[in-house]
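Thanks for coming, everyone. Let me put the model up, and then I'll walk through it piece by piece.

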Amino acid sequence: MVAAQPITEAQIWNWLEDVPDPEIPVISVVDLGVIREVDVSGDGVTVTITPTYTGCPAMTIISLDVELALAKRGLDKVHLKTRLAPAWTTDWLSDKGRARLEDYGIAPPQPAGGPERCPHCHSKNVEKVSQFGSTACKAQWRCRDCLEPFDYFKCI
Amino acid sequence: MPDQNALFEFLLRQGDNSLVLGHRLSEWCGMGPVLEEDIALANTALDLIGQTRLWLSYAAEVEGAGRDENDLAYLRDVYDFRNALLLEMPNEDFGRTILREFFFDAFQLPWLTALSSSADERVAEIAAKSAKEASYHLERSAETVIALGDGTDESHGKMVTALEYLWPFAGELMIDDEVDHAIVKEAIAPLPSTIKPAWDATVNTTLTDAMLTRPDSDFAHAGGRNGVRHTEHLGHMLATMQILPRSHPGATW
């Protein structure tokens, strides 16, 4: 009989890499930057999550998905904590996440407040259609060259 | 020991402001003048309802009477609401809706920014989170006020009418009362009146760019923030907003 290896925080972070964002499934909840802390020191595992937007309906699904993903790995004592401060910022998106967003057709956030280029044809000739889009985290833009509309991940 | 009653009242004011405006904006869902605006209004409403949940759940904890955020939102009557009158004004048209939001956003951004250094840690956290959203809202509402005011004859005319109608309701946001003074003592928030210079600056610049003339009178209707005298409009709004939990207590789906 070999004693089970204690679960490490790195292991949990790895598993959470497989949990997709429910609305933008090409990036994980880790890429999105909403997982703030994983702690295995107490009784079970504590995962601290921060909301993207206060009213984002995906947050409930994210919590559920995190719990389910860890349950699937045999962890039955998962505590989820919500942390508001410091407030989530798009600076926490991983580089991998940013690249995947663009491949998926969503321009990643830029400090200048608008997309750097069209995610389809890479033209810099783009214009804003609306400051809001299909989810709380996106705005609608359009490419003046390839004429395709696209989502821009709002920079906050 | 902080004055729990004053803190409860203060938190209701924050939560009810965003709840009432959030609900008003949600009334546009599916009816916006163009698809992009429809989506923008619904998204802004969503942010405001999200902020409401944070404020009202904290209010319920402070009250300690066994109520939760849902009880506070859905099971209180008109005179228990603590929102400013401005926010309960009916939408009327797109112009009035945008101007009402602009007046609120122009207050809310400096207000939440000030609250983010509150001595009450929960207040500071909620405010810092919400300020990011308010900053985005203000950018859009100010731009849209300018686009409509400096737009066609028709849009300009509607903005003039909206300004005349809403102006006497804007000032209440910045009138101090005894609850505000009790809260200042605990360093939870500054007096609302201290926001006036920032509000004036934003409003003056935007109205000028929008080719609109700021009314001379600073007369302000009050009675919403303390619940003493709401307008006849809030009851109608609550009737729609609260019907489901009141008709089907405890319903879940």
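Chain A has an open sheet of four strands, in the order E4-E7-E6-E5, with mixed pairing. Strands here are DSSP runs of E, at least two residues, and helices are runs of H or I, at least four, numbered from the N terminus. Two strands pair if DSSP finds at least two bridges between them. This is a predicted model: local features need pLDDT of at least 70, side-chain atom pairs count only at pLDDT 80 or more, and totals for chains, interfaces and linings use all residues. Residues are numbered from 1 along each chain as its sequence is written, and chains are lettered from A and ligands numbered from 1 in the order in which they are written.

E4(A) runs parallel to E7 (149–153) of chain A, joined by two bridges. A:Ile106 has A:Asp151 in E7(A) as its bridge partner.

Next, another strand pair in chain A. E2 (45–49) and E3 (78–82) of chain A are parallel, over five bridges. A:Val47 is bridged to A:Leu80 of E3(A). With helix H3 (58–72) of chain A, E2(A) and E3(A) form a right-handed β-α-β unit. Right-handed means that, with the strands pointing away from the viewer, the path from the first strand over the helix to the second runs clockwise.

Now domains. Chain A is assigned domain 1 (9–88) and domain 2 (93–153); the bounds come from an automatic or database domain assignment. Their C-alpha centres are 26 Å apart. Eleven residues of domain 1 of chain A contact eleven of domain 2 of chain A; contact means C-beta atoms, placed from the backbone, within 7 Å.

What does each chain bring to the contact between A and B? Chain B gives 19 residues and chain A gives 15. On the chain B side, helices H2 (35–63) and H6 (121–149) each supply at least two residues. H2(B) gives the most, with ten.

Last, helix H8 (178–185) of chain B. B:Val179, B:Asp180 and B:Ile183 are buried (20 or more other C-beta atoms within 10 Å of their own, C-beta atoms being placed from the backbone; exposed is 12 or fewer, partly exposed in between). The buried residues of H8(B) pack against helix H1 (4–26) of chain B. The face turned away from the buried side of H8(B) carries exposed B:Glu178, B:His181 and B:Lys185.

Definitions and conventions:
Contact = placed C-beta atoms within 7 Å.
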